[in-house]
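Have the structure open as you read.

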Amino acid sequence: MLRLLAFLEIGCIPDTLLNGYLEFTPIDYTANAILDLICYPSVKNRVFHIFNDKHIAISDFLHLLKLYNYLIDAIPEKDFKVKIETILKDDSQKEIMNYLIHDFDKDLNLSYKTNIILKSDLTKKYLENIGFDWPAIDSNYVKNLITCIELLRKE
């Protein structure tokens, strides 16, 4: 959530992120999934990977933010780097970078790509068998997320 707060403060992302997706795993659903799995009868010990596999495209997420008058523009990567350099030089603004600084390489490239591939096929199968379904991230979820972000901004 703090990364999102930072991007809202910056007002933009590099357009290279537009083809990506976001994963939101609501904590109340996570708790229910854990409880449901604990109660699931099984003779085997299992390791479960509990996360919402219903991702949302970054471009769709930006559109939902816009519905609530929160704008994050996708700009060319070189322009984004200039914006970040400007923020880092301004003592009154650079604090917001605390939430993103570890996401940059030495050349201020921002990338969330990883070689780690999360799979939850077994977990999904167990959850489906007990009638559990993850929610899609929709405008209502984004509205609640914005409410939480506004509370963070007031701190």
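## K124 and its partner

K124 is partly exposed, at a relative accessible area of 28%. In this predicted model, K124 pairs up with D53 in a salt bridge, and the closest N and O atoms sit 3.0 Å apart. That's a link between distant parts of the chain: K124 belongs to helix α5, while D53 is in the loop between α2 (27-39) and β3 (56-57), 71 residues apart. D53 is partly exposed too, with a relative accessible area of 25%.

## R3 and D103

How far apart are the closest N and O atoms of D103 and R3? They come to 2.6 Å, and the two residues form a salt bridge. R3 is in helix α1 (residues 2-10) and D103 in the loop between α4 (77-89) and α5 (121-129), so this pair ties together parts that are 100 residues apart in sequence.

Is D103 buried or exposed? D103 is buried, because its relative accessible area of 12% falls under the 20% cut-off. R3, on the other hand, is partly exposed, with 43% relative accessible area.

## The other salt bridges

D91 and K94 also meet through their side chains, in a salt bridge with an N to O distance of 3.2 Å. D91 counts as exposed because its relative accessible area is 62%, and the cut-off for that label is over 50%. K94 is partly exposed, at 36%.

Tally everything up and you get eight salt bridges, among them D103 with R3, D53 with K124 and D91 with K94.

## Helix α1 from the inside

Back to the helix that carries R3. Which residues of α1 are buried? They are L4, L5, A6, F7, L8 and I10. As for what they touch, the buried residues of α1 pack against β1 (12-14), α3 (58-67), α4 and α6 (139-154).

Terms used
Residues numbered from 1 in each chain as written. Predicted model: local features only at pLDDT ≥ 70, side-chain atom pairs only at ≥ 80, totals over all residues. Heavy atoms only, no water. Salt bridge = Lys/Arg side-chain N within 4 Å of Asp/Glu carboxyl O. Helix = DSSP H or I, 4+ residues; strand = E, 2+ residues; numbered from the N terminus. Buried < 20%, exposed > 50% of the residue type's maximum accessible area, 1.4 Å probe, protein only. Contact = heavy atoms within 4.5 Å.
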